[in-house]
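Dear colleague,

Please find the structure below, handed over for your own work. A summary of what was found in it comes after.

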Amino acid sequence: MHIPSVLAVDYILFFLSTEGPWDLDNFPKREYILDMLTLDTVYQASFTLKEACRTTDLIRAPRMFPNKEVYLKTENLQTTGSFKLRGAYYKISKLSEAQKKKGVIACSAGNHAQGVALAAARQGIDALICIPEGAPISKVEATRGYGAKVELVKGVYDDAYNRALEIMKETGRTMIHPFNDPDVIAGQGTIALEILQEMPDADNIIVPVGGGGLLAGVAFAAKMLSPKVKVYGVQAAGAASMVKSLHDGKIETLPSVSTIADGIAVKCPGDLTYELCSKYADDIVTVTDDETAVAILDMMENQKLVSEGAGAVAVAAALFNKIPLSGKTVCLVSGGNIDVTILSRVINRALIKEGRLADITVELQDKPGQLQDVSSIVASEGANVVGVFHDKTGNEKNLTNCTLRISMETRDFDHIAEIKAKLERNGFQLMGENH
């Protein structure tokens with residue numbers, strides 16, 4: 001490992017003589033933790049991870065981007081279904097024997113929990129994961145399935161995190177932070193090594209951002225290997241803590257977050273990740289939940305890949321032109337552990353966004369044949385009716401009229417407009433704010 005200065009030795013001696021977690025904010029030479037992250041460290045992590053992680057495929061997406069050279073780095077096909085295993089495994093491998101005997105603890109309701117669980121099990125270390133009690137049962141059982149003990153905590157993530165801190169202090173377990181740790185960051189940076197080994201002439205790499213560990217690692221390693229490559233981060237618009245922090249020039253905490261990309265719904269970025277992202281990332285943009293839903297659907301239809309919300313934001317940024325796609329672009333699909341109970345809702349949201357699912361409401365005279373006439377027009381235009389709601393309560397203007405709401409599968413927004421126009425030409429009155 002490269003030692004940047006004599007002062008960095010203080011850091012090393014400090015870490016060797018004490019057990020974590022360390023109060024980095026109050027440690028006087030905190031900035032040297034960043035200097036301890038070197039390209040050699042990332043290569044060391046890559047060597048260590050060969051025993052636990054697979055080198056994921058880099059595949060081109062011509063149907064999604066017919067006129068662009070865009071590739072997908074499929075970390076959704078990683079062991080545990082997410083990149084999180086990389087950082088967790090490398091961090092745990094670096095623990096001292098004394099730390100390993102006491103075990104590790106983490107707080108997560110998703111990918112980090114599963115990554116820590118498997119990493120600890122592979123290395124024969126006891127792991128305890130604090131999970132909010134409202135987390136999906138599938139994720140709780142997956143974490144247990146990888147070999148960890150689980151403590152369900154009443155409340156939300158913050159309550160589970162505070163409980164994990166209590167257990168850490170009581171038992172001496174080592175906290176495995178999901179992003180704000182140099183070893184975790186180095187582990188995530190191995191993705192950049194794989195990308196540039198397979199595609200040394202890559203021009204752009206687009207990375208999902210929550211707390212910033214993935215972007216910090218990938219941007220650092222990519223810039224060390226190929227300074228010309230552009231590295232962009234993408235956050236959900238409803239959880240843009242890193243975007244706000246970089247814009248304001250200081251770490252900011254959001255009062256709340258709301259997004260379907262739950263894996264990156266982080267209120268506050270880490271201090272280490274903030275500094276690395278501000279130094280090495282070229283830009284960070286945001287995408288809406290609707291755009292993310294479209295990316296999930298497009299990957300399923302065109303690439304036969306299942307992605308969770310957090311894993312799809314990089315693709316969403318490319319699809320909706322948030323980032324210039326000159327040359328060769330790699331979108332990092334960071335995870336595929338989407339909760340199947342919400343998958344149908346995400347798909348419906350994407351279909352509506354693309355104009356492939358639409359509702360129209362028609363005011364009708366309450367007499368025989370009206371429903372058949374409307375249905376015939378919709379069918380003649382090539383749409384498929386998937387739902388009908390007939391309301392005979394009338395309205396304030398005419399109590400003898402009724403309303404008909406039709407849900408239908410369509411090709412696009414032009415197709416919807418054609419159907420509406422034909423209904424109006426045939427004397428039917430459409431209702432709603434757009435008419």
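Predicted model: local features only at pLDDT ≥ 70, side-chain atom pairs only at ≥ 80, totals over all residues.

Residues are numbered from 1 along each chain as its sequence is written, and side-chain values use heavy atoms, with hydrogens and water left out.

A nonpolar core is taken as a set of buried Ala, Val, Leu, Ile, Met, Phe, Trp, Tyr and Cys residues joined through side-chain atoms within 4.5 Å; buried means under 20% relative accessible area, exposed over 50%, and partly exposed in between (1.4 Å probe, protein chains only). The largest such core has 64 residues, and Val207, Leu215, Val218 and Val231 are among those with the most contacts inside it. Helix α10 (residues 213-225) gives the largest share, 8 residues. Helices (H or I, at least four residues) and strands (E, at least two) are DSSP runs, numbered from the N terminus. A second, separate core of 39 residues includes Leu305, Val315, Ala350 and Leu357.

The structure holds 23 salt bridges, each defined as a side-chain nitrogen of Lys or Arg within 4 Å of a carboxyl oxygen of Asp or Glu. In one of them, the closest N and O atoms of Asp183 and Lys94 are 3.4 Å apart. Asp183 lies in helix α9 and Lys94 in the loop between α4 (84-93) and α5 (97-102), so this pair ties together parts 89 residues apart in sequence. Asp183 counts as buried, at 15% relative accessibility, whereas Lys94 counts as partly exposed, at 34%. Glu301 and Arg356 also meet in a salt bridge, at 2.7 Å from N to O; Glu301 is in helix α13 (residues 289-303) and Arg356 in the loop between α15 (340-353) and β11 (357-365).

Is Glu252 buried or exposed? Glu252 is buried yet has no salt bridge, and the nearest side chain of opposite charge, Lys250, is 4.1 Å away. (Lys and Arg count as positive and Asp and Glu as negative; His and the chain ends are not counted.) Glu252 is placed in the loop between α11 (241-248) and α12 (271-280). Of the 10 residues of α12, 7 are buried, including Asp271, Leu272 and Tyr280.

Yours sincerely
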